[in-house]
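Colleague: Hey, I'm new to this one. Could you walk me through a few spots?

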Amino acid sequence: MAENYIVSKIIDGDVAEHLSFTDAVAAIHKKKGYTPKYFVQTFGCQQNEADSERLGGMCVAMGYEKTTTPDDADLILVNTCAVREHAEKKALSIIGQYKHIKDRNPGLVIGVGGCMVTQESRADKLRRSYPYVSFTFDTGAIHKVPSLVLGALTGKKRSFILSDEWKINEGLPISRESAHMAWLSIMYGCNNFCSYCIVPYVRGRERSRSAEAIIEEAKQLIAGGARDITLLGQNVNSYNGGDGVDIAELMHKICALPGDFKLRFMTSHPKDASDRLIEAMATEEKIVKHFHLPIQSGSDRILREMNRKYDTASYLEKIAKLKEAVPDVSITSDIIVGFPGETEEDFLGTLDILKKVRYDMVFSFIYSPRNGTPAARMDCQIPREVSSERMGRLLALQDEISNERNQRFLGRTMRVLAEDVSKNDSTMLTGRGDSVRPIHFSADKSMIGQFVDLKIKNVSTYCFEGEILKP
């Protein structure tokens, strides 16, 4: 839960006994007779998006209402990412731009959280170079935001929190971005320590929520209209809820809940992709037939350097089991190009994996050194021009494979959730089915949040076009 200590003095000497930090902030706004606005800027992964929904929930509880532009905000919270240096630089650039808003509105409170500020060097930079930032809160301190906001409003010193430990804080309010699509975090942190990855250092060790808490949240989501639920975790398939409840058993329990909904999960680590998880996908109708299974490299030597704890043979064995159990499964992956020491032969091994697995889609990245990780200290860093050339070849091959894989959906009837208005054509809606590609189709906005049956009329590399089947 959000911190719930007693606050005795609020503002101008007034005394308000037995108020939580959240209620104390709301009392300040009520005293001023003004409804302030909040803005949350989110960078990074789906877990950050889920965290931002909790930040939004706490803001609403503190008496703020949401605004879609920072210029109108009285409270700006920036939820940062540290997976790649580009994301950190972009966040710092935007935080820099907020100085102009602070100059126009001296009462504006700015807080920065997320993975970037969990690194002491970045927190120090914000302290020294961004004096208009009121506080930072790392990934273990989201629940402390109401007390930090209260401190900023009542003139306390700037606060920069670096947690000694990460805990699971149940009961935080949530302001969800969508009523029909929902993130459902089931675990946090990571124990894998891949040599290129900063996540274990900025999100802590693995810790799983209780199955009871997850099931209760799932029930509330379904009752509230959620039709597409994604289970989240840095390594979601290592979930351990105790009493033998692994990710497979948890998904069986959620699928047994009454309601018309689809269930997804991400992100998976190959070493923990169990036969039980594959069996759950094969047998549960509500589980979307999409498995995201990052390979990262097709070279066993590079996989050892990455500390991935599997080799290509064991990975391909899991892929074979998956395809046998779920013949029409859509498989996606993550791939890093240009890891330190990667040779042309290593890279050709990655292209060979693409040819063997035939992914529906891959998320590919040029290696980016992260300070504090073993890979950043490795010799033989690959020149950018070499990595870029290899990336071009990888993308060209994957586009060819994707186009071939997409053809199987042409003419097929698919049950699709109408998610939102298309970003590219305001006269169309966008939805998803078991395919990983967005499907655009003509329909009234009133259909958003409902399942519709579509016939796929056209497929391209990155999207499909469908037509609603008439009753």
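**A buried loop residue and a helix pair**

Modeller: Let's start with Phe261, which sits in the loop between helix H8 (247-255) and strand E13 (262-266). Helices (H or I, at least four residues) and strands (E, at least two) are DSSP runs, numbered from the N terminus. This is a predicted model, where local features need pLDDT of at least 70, side-chain atom pairs count only at pLDDT 80 or more, and totals for chains, interfaces and linings use all residues. Residues are numbered from 1 along each chain as its sequence is written, and side-chain values use heavy atoms, with hydrogens and water left out.

Colleague: Is Phe261 buried or exposed?

Modeller: Phe261 is buried, with a relative accessible area of 2%. Buried means under 20% relative accessible area, exposed over 50%, partly exposed in between (1.4 Å probe, protein chains only).

Colleague: What does Phe261 touch?

Modeller: Leaving out residues up to four places away in sequence, Phe261 touches Ile222, Ala226, Arg227, Ile229, Ile254, Cys255, Lys286 and Phe451. Contact means heavy atoms within 4.5 Å. Phe451 is 190 residues from Phe261 in sequence, yet their C-alpha atoms are 9.2 Å apart.

Colleague: New topic: how many residues of H5 are buried?

Modeller: Seven of its nine, among them Val145, Leu148 and Gly151. Just after H5, Gly155 has a positive phi of about 80°.

Colleague: And which stretch has pLDDT under 50?

Modeller: Residues 1-17. pLDDT is the predictor's confidence in each residue, from 0 to 100. For the chain, the mean pLDDT is 92, and 96% of residues reach 70 or more.
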